[in-house]
Amino acid sequence: MKRFSIPPPVAALILAIVLFLLSGFLPNSYGSDVKVALSQATNILRLSVFLGVIAAGQTLVIISGFEGIDLSAGSIVTLTAILTYVMVKGENNMVLLAIFVSLVVGAFIGLLNGAGITFLKISPFVMTLGMSGVVTGAIIILNHGNVSGKVAPIMTRLIARPISPRIPIPGAIVIWLIFGVLMWLLLERTTFGKNLFAIGVNRVTAKLSGVNVTGMNLATYSLAGLLAGFGGFLLVGNTGVVLIQLGQPFLFPSIAAVAVGGTLLSGGKGSYWGSMAGAIVLTLITSLLTTMQMPDSVRRMVLGGTLLILISIYGRQQALRQ
Amino acid sequence: MAKSLSARNIVKHYGGVVALSDGNLDVHTGEVVALIGANGSGKSTMSKVINGVVVLDAGQLLLDDKPVNFSSPQAAKNMGIATVFQELSLIPQMTVAENIWLTREPMTGFGTVNRSAIKEKTEQLLSLFRGTYKTELRPDDTVGSLPPDEKQLIEILKAISFNPWMVILDEATASLDSRQVERLFELIGDWKGTDKAIVFISHRMEEIFRIADKYSVLRNGKTVGAGDMKDINDKELVKLMIEKESVFSFSRADSKNDKKDKPICLEVKDLQTDSLHGVSFSVHEGELVGIGGLRGQGQRDLLLSLFGDIPYSGVISIFGNAIKLRHPRDAMKRGLALIPGDRAREGLLYIRSILENLILPSWAQYGFPLRIGKAKKDAEQAGASLNLKMAGLAEPVSSLSGGNAQKVVLGKWLMRRPRLLLLDDPTKGVDVGTKAEFYTLLTRLCSEGKTILFYSSTDEELVGMCDRVLVLYDGIIRTELSGASLTKENLIAASLGASNEGAV
């Protein structure tokens, strides 16, 4: 009973592969055509990237514990996507500035979240939910509902197209892999990462061991905002168009991806690899159900059910916790 | 109507720990019995047995000479035994009236709570202490907003609202001011006259001698003496409380006189916090200085403020430099380390690995990207030097025994090579073998020139190991014991605030 422990990220990844292979038997799927299967897999991975990047900030705030969560991630994504779209106006030489602005705006909103949570003692749930409303409102005011702009060709080239005609892997996937390595470095090979896990487990111990808990909290929420901002930039590079509801549909899946990846929602334990695997599982299930032409209601039920089953399995493995 | 309660040969174990091995107590209406004993002697367990909070393992309770069995606190209450708890049992979000009448609310004919009756009855109770409240205390006030002393008063009122014949006051005076204590003592006088019995548990000698008619002394779970207060003095009481021989033998650091020539490592002037009221002392390099006194006299605040964890006023100088400590990091930079009193809540990250626990205060030294290999090597070394028994550095700390977990806490600080170690009761919940290792280690650290400030709730440790002991009482250093005056007898006497005679 005790020693059946596959790490959650691996479990999620295995689940994704099994589901994908099984989907070959579906009526209008790839069947026995390997080439179609590969391109379908690539496509699902490409779609996972955006959820995966948005889930990165979520991973950090959830690890930081103390009921950490970022409900403003979706609205930040929308905001920075629109900012990028409006600023770039189809010009390649504006892209770097747009990235910079996206990151700074995201980080600033995150900093406000962190300040409210740390100094005003507002719970993360309420603070970030409120912030989400404020940001969404600001987007509507800024644009009066219509936006004019255009994505730069270089963004489409780097994000949405394959890296070269010979290698049919979209740039987004490469960016995501590099991003994943950087996230691993941040969590496992920096003092910031070690202190993040520490405050997630026990803030009293952390403080008495010299960790600046206040500073860590501010930094974590700022970083989460920055990563959501980056997510918005990537997303608009892929879609090429913006809408008011661009980021919001990613919000709850981003939390679900973190949970599916085995990160403890109470904080102090988890990994970004897990969230990446979680993002793939969720994207895969959604696109499979779409392929099967399931109505939206069924898709929601299957997704919700999968989440519950996975997390209850992890819950059993966590019996060591107390 | 005269009633009585007797406890005979009470035995109570908690797991393998014997809390009471032969507890006896006789209480009759119209008298105040003081239940006395050192830390961990079984006073609290005794009071919990007679009010039904814990079920005894062996022995007999007699109510009016007839055997009784209290299976729950409710059963004891129904027999007219009420307790004023030391740890407050009030619900902060509810009002004074709601707390006092909780589960016994007077009802109207419609089955709803009769609010006006509650209010009236509460006013009556509150009037008992009228004039000693710091706030305009009303039945509708929320308990959470009251100062600690008024919460304690509400606790007392709640207990007597049952109209019991017997009241157990477990350290009920600890958070009261002198006027409130006076008033309580007047009330106790009245209660005696109206055929109530009072069991009075207190650490304050002068209170015991003022109010009690009889005494009963516990030592190591055994009742070792009982009688009339008028036949005994405070010296004799202290003697009763002290065990003759100690289980441990300690090796003190040799030649302790030359430490006075060493530079001053730590100097504290007029340190004040919520529970410290002006503490001044200095410690020389290489000294092992103990902090004694009963639990909760400000020891914790003293160590936490020295480590920069809580706000304080006063001057702290380390090696001659006055510094303002705002965060534990400030203290760590000066070479301080704190082994906190609550290992699980303050010292460890339970679900994280032993490695991460050991290196937590030191990660910044490992650069970017963190040199994990070096960290592992250092952690292995620290573990080996402390004889830490573990399956591997990657295992979570939750897999370790209490003693080994405490070694991890110690190890994480020793890795930083601190100059001044602050220890908050480091041997609590640690097995005997590990305790012995700790004693050897502390003595060795001192001989290597490290300075140690050491609070312990075990008096033998302070007497056996320390060069000097500062005894805290009510947030001030009441007495300093050293050399020939550092005996267990003097330490306990000073802890109880009995007299200043032990002082040098």
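How many of the 504 residues of chain B count as buried? In this predicted model, the share is 45%.

**Chain B as a whole**

Chain B holds 17 helices and 20 strands. Its radius of gyration is 25 Å, close to the 23 Å that the globule rule gives for 504 residues, so chain B is as compact as a globular protein of that length. The C-alpha trace of chain B spans about 75 × 55 × 45 Å along its principal axes. Among contacts in chain B between residues at least 6 apart in sequence, those that join residues at least 24 apart make up 67%.

**A four-stranded sheet**

One open sheet of chain B is formed by four strands, in the order S12-S11-S14-S15, with antiparallel pairing. Strand S12 (277-284) and strand S15 (321-323) of chain B each have a single partner strand and stand at the edges, so one side of each is left without a neighbour in the sheet. On average, neighbouring strands of this sheet are turned by 15 degrees against each other, direction ignored. Strands of a sheet pair through backbone hydrogen bonds, in either a parallel or an antiparallel way. Strand S14 (residues 313-318) of chain B runs antiparallel to S15(B), and three bridges join the two. B:Ser317 has B:Ala322, in S15(B), as its bridge partner.

**Two packed helices**

Two packed helices are described by the angle between their axes and the distance between the axes. In chain B, helix H8 (residues 234-241) packs against helix H17 (residues 488-495) at an angle of about 115 degrees, and their axes are 10 Å apart. The crossing of H8(B) past H17(B) is right-handed. The table lists the residues that make the contact.

| Helix | Residues in the contact |
|---|---|
| H8(B) | B:Val238, B:Lys239, B:Met241 |
| H17(B) | B:Glu489, B:Ile492, B:Ala493 |

By type, the residues of the contact of H8(B) with H17(B) are four nonpolar, no polar and two charged.

**Where chain A touches chain B**

How many residues does the contact take from chain A and from chain B? Chain A gives 20 residues and chain B gives 24 residues. On the side of chain A that touches chain B, the elements that give two or more residues are helix H8 (191-201) and helix H9 (203-208) of chain A. H8(A) gives the most to this side, with five residues. The residues of the side of chain A that touches chain B are divided into seven nonpolar, eight polar and five charged.

Methods: Residues are numbered from 1 along each chain as its sequence is written. Chains are lettered from A and ligands numbered from 1 in the order in which they are written. This is a predicted model: local features need pLDDT of at least 70, side-chain atom pairs count only at pLDDT 80 or more; totals for chains, interfaces and linings use all residues. Two strands pair if DSSP finds at least two bridges between them. Axes are lines fitted to C-alpha atoms, for helices over the stretch in contact, and angles run from 0 to 180 degrees between N-to-C directions. A crossing is left-handed if the near helix is turned anticlockwise from the far one by less than a right angle, and right-handed if clockwise. Two residues are in contact if their C-beta atoms, placed from the backbone, lie within 7 Å. Ala, Val, Leu, Ile, Met, Phe, Trp, Tyr, Cys and Pro count as nonpolar, Asp, Glu, Lys and Arg as charged, and the others, Gly among them, as polar. The radius of gyration is taken over C-alpha atoms; the globule rule is 2.2 Å times the number of residues to the power 0.38. A residue is buried if 20 or more other C-beta atoms lie within 10 Å of its own, exposed if 12 or fewer, and partly exposed in between; C-beta atoms are placed from the backbone.
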